[in-house]
Amino acid sequence: MFSVITLVVLFYLWLKFLDIYTLNNNYIQVPDFKGVYVDNIDSITNINSLRYVIIDTIHDRKRPKGIVVNQDPAAHTNVKKGRKIYLTITSLEKRKVYFP
């Protein structure tokens, strides 16, 4: 009987430890990066305890250079501290076309 009670108490303590260690129910809402210039991303991610990675650039003449056009996870999604936000931006340089 004592071993069963001990086992239940240890299991309960283990679950509480995991809640604390994994920051359960401690979320940050992802800000909307679309339309933000590359120079301003650092300040936004530092304020919100997030990290970012630019995974792709696109050439689009209709949009200003150096702005975010896509992000993953989407804006207003709940994530944990330190989560990486993957961004696609418009190219800062003009597209180079080589002629033979």
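The areas themselves come from the Shrake-Rupley method with a 1.4 Å probe, where for residues only the protein chains shown count as cover. Please keep in mind that this is a predicted model, in which local features need pLDDT of at least 70 and side-chain atom pairs count only at pLDDT 80 or more, while totals for chains, interfaces and linings use all residues. Residues are numbered from 1 along each chain as its sequence is written, and side-chain values use heavy atoms, leaving out hydrogens and water.

Phe17 and Tyr21 form a stacked aromatic pair, with 5.8 Å from centre to centre and 20° between the planes. Rings of Phe, Tyr and Trp (its six-membered ring) pair if their centres lie within 6.5 Å; planes under 30 degrees apart count as stacked, over 60 as edge-to-face and the rest as tilted. About one helical turn separates Phe17 and Tyr21, because they are four residues apart in helix α1. Tyr21 is exposed, its relative accessible area being 63%.

By this rule there are two aromatic pairs. Trp14 and Phe17 make a tilted one, at 5.6 Å between centres and 35° between planes. Both residues sit in helix α1 (residues 2-21), three residues apart, or about one turn of the helix. Helices (H or I, at least four residues) and strands (E, at least two) are DSSP runs, numbered from the N terminus. Trp14 is partly exposed, at 49% relative accessible area.

Let us move on to the charges. How many salt bridges does a search of the whole structure find? There is one, and in it the side chains of Arg63 and Asp60 meet at 3.3 Å, N to O. The term asks for a side-chain nitrogen of Lys or Arg within 4 Å of a carboxyl oxygen of Asp or Glu. Arg63 is partly exposed at 38% relative accessibility, and Asp60 is also partly exposed, at 27%.

Finally, Arg61, Lys65, Lys94 and Arg95 gather in a surface patch of positive charge. Patches are made of residues with over 30% relative accessible area and no salt bridge, joining like charges within 9 Å and nonpolar side chains (Val, Leu, Ile, Met, Phe, Trp, Tyr) within 5 Å. Arg95 lies in the segment after β5 (84-90) and counts as exposed, at 60% relative accessibility.

Notes: Lys and Arg count as positive and Asp and Glu as negative; His and the chain ends are not counted. The place of a charge is taken as NZ of Lys, CZ of Arg, CG of Asp or CD of Glu. Buried means under 20% relative accessible area, exposed over 50%, partly exposed in between (1.4 Å probe, protein chains only).
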